[in-house]
2 protein chains.
Amino acid sequence: MEVTRTNFKDSLNTVYSAIEEADFLAIDGEFSGISDGPNVSALTNGLDTPEERYMKLKKHSMDFLLFQFGLCTFTYDQAESKYVIKTFNFYIFPKPFNRTSPDTKFICQSSSIDFLASQGFDFNKVFRHGIPYLNQEEEVQLREQYEERRSQSNGSGNPSYISPNSNKGPGSIPEEHREYIGRVDNVGLISYRFPKGLHVETLETEKKERYIQISKVDDEERKRRERQKQEREQVTFRWDSSLFPLSPTQGKLVVGHNMLLDVMHTIHQFYCVLPEYFLYCFLRLLDTKLMATTQPFKELINITSLAELQKQLKESPFKSPKVVTAEGFPSYDTAQEQLHEAGYDAYITGLCFISMANYLGTFLTPPRAHIPSQSKLIQPFVNNISMCYYILYNTHPTAQYFNVILYTVQHIILQ
Amino acid sequence: MEVTRTNFKDSLNTVYSAIEEADFLAIDGEFSGISDGPNVSALTNGLDTPEERYMKLKKHSMDFLLFQFGLCTFTYDQAESKYVIKTFNFYIFPKPFNRTSPDTKFICQSSSIDFLASQGFDFNKVFRHGIPYLNQEEEVQLREQYEERRSQSNGSGNPSYISPNSNKGPGSIPEEHREYIGRVDNVGLISYRFPKGLHVETLETEKKERYIQISKVDDEERKRRERQKQEREQVTFRWDSSLFPLSPTQGKLVVGHNMLLDVMHTIHQFYCVLPEYFLYCFLRLLDTKLMATTQPFKELINITSLAELQKQLKESPFKSPKVVTAEGFPSYDTAQEQLHEAGYDAYITGLCFISMANYLGTFLTPPRAHIPSQSKLIQPFVNNISMCYYILYNTHPTAQYFNVILYTVQHIILQ
């Protein structure tokens, strides 16, 4: 399912319930580039320590834009012994909210853009219909600005005489000009001619031409319009605290392929500044690339790029999992590869995880065909400390990555 | 006429002859952003000195991409008393030439991208079909790399054993391994099995998957293929020295609206690093925004944004010029505004220039309806020294801006 700013608000409940009911989630991101410094292979050098890799990516990768976020939810249907999936492709673009809100700059790397272009990536959809977002700090700032504006206008509906960006107070009129100013005082003139009141609003056409709409209204109508305007602005700060933060026990397994960059980008872009240093804490993340290079898979799998991994996991001793698309969701055909679309890559990543997890079940006596994501057999691959290069430290309890995804979904601005 | 990398090579002669026959040229550019530092209004503060403005733009604007370059050529038809125009819209994107060529990074500013998106700008066309380019320095580097590769392969068609990026020479084989290496020497094996010869070439599918093609060929066929490959690579460095550089006397008037940023971007992106300091020299540039704010136009024109200027110049005392589109070129309809498409903006800029130039003719005795771009009446507005914020100094004679445009057209890489 494609999610843009056109259908974002209407899709939100569908996304929530898909996450709620899921056994595990798979994620993937597409970026406007990888490295603004050393070349990509130097940046992801396999010999780096986890700390080195984290510091390099933090320094050289965070000014690119995560512009497509893929989420695939996997729910196991016990009766039918199959997974039911729901795939979401979020198009993301930091469209400025208004003239005083942050005007984000991001870098594009020609080779990455060229690569995505050759895969048929739709940049127009990103830039025309991408969902805008704020991180925590920007949201607080915008809220404060909004509250200030609201308290200034004080419900009277008159525009403030003080420009919001100006530090100056109202100017004092020199004695010799007072008589003239008095004569041409338009505000006085207006209130004389329209004693019942006026409603003033700055609007913008689709072509970005700004204009001021002044309507003759009586007191009641003016207040009604003012309320409407406030409600319209309020919706942009929707915060569903009943879902956030979830307690740690509710944290579900989040699967990704070579997922460090995806995790770092999601936190950086939608949540908060990345911590300076790299430390460990306990989350439920599983990296399929890492899993494939660990015993017992290491001996069976030669190439661990996502496309190749998926091909190898269709062959013996592995089995393709039984997966169906939930009703009402568009389905993917793995024969017609749509690699490098974030939703499709998340879907494939989930398939790889299931095949590898189920393979572990063949070692049990008696063997088991389905290994759930909560199984203890999976545990060694979750946050595998020996190679755990992807786990970030943050003292705030909401640093749980699962919550960051929910946060992402909730805190993207609705327009 | 739209020019992308698909039709660039075939359009080149059309562009050349349009420039050659023209009386004057109008240009305009669309960028991925304006300022990576202060906000846009602070960057283009009307109170800045020319030097201040130049330094600010050099510091904060040059990391954005000029991704659409509009060129409109105006040729006066004396017999019919009308201008014949040819409009070109170049889509530009620094697609990396190969794995060792520059991988350009550029910044995008959300507000600029959002603005262009709202005007229906086609980003997919830029990123999928944009014409790649090199500046002078990058071109020299790539030529050297290419020559080195060619001299290494020495016409024999065998791939070099030394990676082009490596500083190491061939390794020496330790004594104890020589016997083994001798036994498995694949090259020896191959030349034994295919005594007539092999042609080896690395190719890439449309989906960017690289593969090596090895063909059995005899000596003649191998040499023929090698020649073909060289010719294919040569075409990417096409340099038509018969057209470049033109002597200064051939320099034609180049018209733009608020053109400093366009001029700076064209030089920076396609030609060379911008000079550190701002100095004057003599070129033939005319800025219609500047012209409109100078006497005798200052008193007659209130708003100098391009769209508003064009509207005012349709009304008395000005006259809309008689302009027709050359045969075979798509024509614009000024009623259906296509503002912010570079070719259209260049076209409108040219119209504004003609209307203002012809207005100057009404002061002559007897009045003249057509004032050519070479007229002395225009001279005060060309490189108007008192406000000439757009003229850059460069000791190289090709710093002539007209030549930079030709250079732009010629030095974009053909692929």
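Start by selecting chain A: among its contacts (heavy atoms within 4.5 Å) with a separation of 6 or more, 76% join residues 24 or more positions apart. What you have open is a predicted model, where local features need pLDDT of at least 70, side-chain atom pairs count only at pLDDT 80 or more, and totals for chains, interfaces and linings use all residues. Residues are numbered from 1 along each chain as its sequence is written, and side-chain values use heavy atoms, with hydrogens and water left out.

Now colour chain A by secondary structure. You will find 14 helices and 10 strands, taken as DSSP runs (helices H or I, at least four residues; strands E, at least two) numbered from the N terminus. Of its 415 residues, 48% count as buried, that is, under 20% relative accessible area with a 1.4 Å probe and protein chains only as cover.

Next, bring up chain B. Between them, chain A and chain B bury about 2,800 Å², meaning accessible area (1.4 Å probe) lost on being put together, summed over both. On the chain A side, Lys105(A), Ser110(A) and Asp114(A) lose the most area, together 20% of what that side buries. The contact takes 33 residues from chain A and 32 residues from chain B.

Zoom in on Asp114(A) and Lys95(B). Their side chains form a salt bridge at 3.3 Å, N to O; the rule asks for a side-chain nitrogen of Lys or Arg within 4 Å of a carboxyl oxygen of Asp or Glu. Across this interface there are two salt bridges.

Finally, select H4(A), which gives seven residues, the largest share of the side of chain A that touches chain B.

Technical notes: Chains lettered and ligands numbered in written order. Buried < 20%, exposed > 50% of the residue type's maximum accessible area, 1.4 Å probe, protein only. Buried area = accessible area lost by both parts, 1.4 Å probe.
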